[in-house]
Amino acid sequence: MEAIDPAYGTGTLLLIAAGAVALLLFLIIKVKLHAFVALVLVSLLTALAAGIPVGDVPDALAFGFSNTLGSVALLVGFGVMIGRLLEITGGAQVLADTLINRFGEKRAPFALGAAALLFGFPIFFDAGLVVFLPIIMTVARRFGGSLLLFAFPAAGAFAAMHALVPPHPGPVAAAELLGANIGLTLIVGVPVAIASWYVGAFLVSQVIGRRVYVDIPTTLFGELNDGRGDADGGSGTAGGGATTATRTTPSFITVLGVLLLPFVLISFNTVLNTLMTAGVIEEDATWAEYLMILGNTSVALLITVLVATLVLGLRGRSMATVSDILDKSLGPICAIILITGAGGMFGGVLRLSGIGDALSGSLSNLGMSLILQAFIISTLLRVAQGSATVALTTTAGLLSAAVATADLSNLQLTAMVMAIAAGATVLSHVNDSGFWLVSRFFNMDVKTTLKTWTVMETTLGLSAFAISLGLWALA
């Protein structure tokens, strides 16, 4: 669905957007209305207030909701299945113990973040986070303290890689629109992501985690399983028989292989797509298309669920028992998926109302340096409509003409991409579906999520922007 011609001027549309966010926060925080109901209600009122024709309102609501569910529901569903199998078989405990033994107990949060940086190279933020959840929970339960001490380093790592590093779609699209070299953007993006993660996410998360206590939720994966007992609540038999089954804890190599499988498969899609875009591989190459299908995130996670069922779930269990485990894992995520979809609905309504276009049009001639324009415009678009990818691509498209006439060096073009990505990262709030994903996964209310996740995303983006300014000055 395309954006509707704005019914009002930029100032009026921005006031409507600000009022919608304020109303949503009031309903959720003060009135205590359920987040899903509040998001749908405010989305409806915003669509009407912004001048979207009444006949188009249902389609406008469905646009953001269906698009978000299409990308999130399968990822979260398959991801939580993998997570449950890792948790219930003791695989998460094995991986957590190995990380802790290698890095030491005091460096457990850093170890989680470092592992997430590696796995976040080809995997999208939401998919990576949901697969890592049981490992995060296992480490947090072992050492105690606020969940944020362990969860935010990993979540921040996935966010940094997703925003700053090709072959993720945002930085790739921005590089193409600005004429930046994708290879150089990758080479520069990796150290920028690592440095901005360490300063803006890891160090900040340790401060936040000591000030804000968040208990470890048991909704998704239940209580801690050490891999020695019947975590599925069964009688100790495989399929209900009379003979007690022997259930051994999987080896570290087996667990690592399960986690690396989606990493490798998704790499087929993202890397090959980047090579096709760069012209290295022909677009109609059949072998590449087959590998890209295997690397589609949903297909890759489906394959991983099947492999995890075989190598983890069926260790002393019947297929019927494993199916029951997987079935029970899906129940707790229904609310997460619906609320995340409703968050996408709210952001979609804001985009379709023309708020983003009106804002970007009014900011096209700010009379300041290009890199500062890039960050400011991307930040305002991120705040106005929620989607980081939309903010990235819109800002890059808006500045592409000015960049083409500015005779910038390759490093300056890459710095522009980093600055736009930095602006698209800051100030994640209630119109961002990722905000609701984090809020629900970590069982935080809206106020707590704003005080923690929004703050950390902002410091992450500011750190990346500071580095991009340094690159701009060096070029």
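1. Start with Thr 452. Contact means heavy atoms within 4.5 Å. Thr 452 lies in helix H20. Its relative accessible area is 0%, so it is buried. Buried means under 20% relative accessible area, exposed means over 50%, and partly exposed is in between, with a 1.4 Å probe and protein chains only.

2. What kind of model is this? It is a predicted one, where local features need pLDDT of at least 70, side-chain atom pairs count only at pLDDT 80 or more, and totals for chains, interfaces and linings use all residues. Residues are numbered from 1 along each chain as its sequence is written, and side-chain values use heavy atoms, with hydrogens and water left out.

3. Check the confidence. pLDDT is the predictor's confidence in each residue, from 0 to 100. The protein has a mean pLDDT of 80, and 88% of its residues reach 70 or more. Confidence is highest in helix H20 (residues 446-474), at a mean of 93, and lowest in helix H15 (residues 355-362), at 61. Over residues 223-245 the pLDDT is below 50, yet this stretch has 47 contacts in the model beyond near neighbours in sequence. Where pLDDT is low, the predicted coordinates should not be read in detail.

4. Now the overall build. Of the 475 residues, 56% count as buried. Take the contacts between residues at least 6 apart in sequence: 80% of them join residues at least 24 apart.

5. Which residues touch the most other members of the largest nonpolar core? They are Met 416 and Phe 442, in a core of 132 residues. Helix H7 (residues 148-164) gives the most to this core, with 14 residues. A separate core has 10 residues, including Ile 52, Leu 61, Val 349 and Leu 352. A nonpolar core is a set of buried Ala, Val, Leu, Ile, Met, Phe, Trp, Tyr and Cys residues joined through side-chain atoms within 4.5 Å. Phe 442 has contacts beyond four places in sequence with Leu 129, Leu 133, Met 137, Leu 147, Ala 151, Phe 152, Val 214 and Pro 217.

6. Back to H20. Its 29 residues should span 42 Å at 1.5 Å a residue, and its end C-alpha atoms are 41 Å apart, which agrees. The expected span is 1.5 Å times one less than the number of residues. At the start of H20, a side-chain oxygen of Asp 445 comes within 3.4 Å of the backbone nitrogen of Lys 447. Thr 448 is also placed in H20. Thr 448 is buried, at 16% relative accessible area. Its backbone oxygen lies 2.7 Å from a polar side-chain atom of Thr 452. Beyond four places in sequence, Thr 448 touches Val 212 and Val 214.

7. Two loop residues deserve a look. Lys 32 has a phi near 65°, positive in a residue other than glycine. Lys 32 sits in the loop between helix H1 (10-30) and helix H2 (35-49). Is Lys 32 buried or exposed? Lys 32 is exposed, with a relative accessible area of 65%. Leu 427 is not a glycine either, and its phi is positive, about 55°. Leu 427 is in the loop between helix H18 (410-423) and helix H19 (433-441). At 35% relative accessibility, Leu 427 is partly exposed.

Notes
Helices (H or I, at least four residues) and strands (E, at least two) are DSSP runs, numbered from the N terminus. A polar contact is a pair of N or O atoms within 3.5 Å; within protein, one must be able to donate a hydrogen and the other to accept it, and residues adjacent in sequence count only if both atoms are side-chain atoms.
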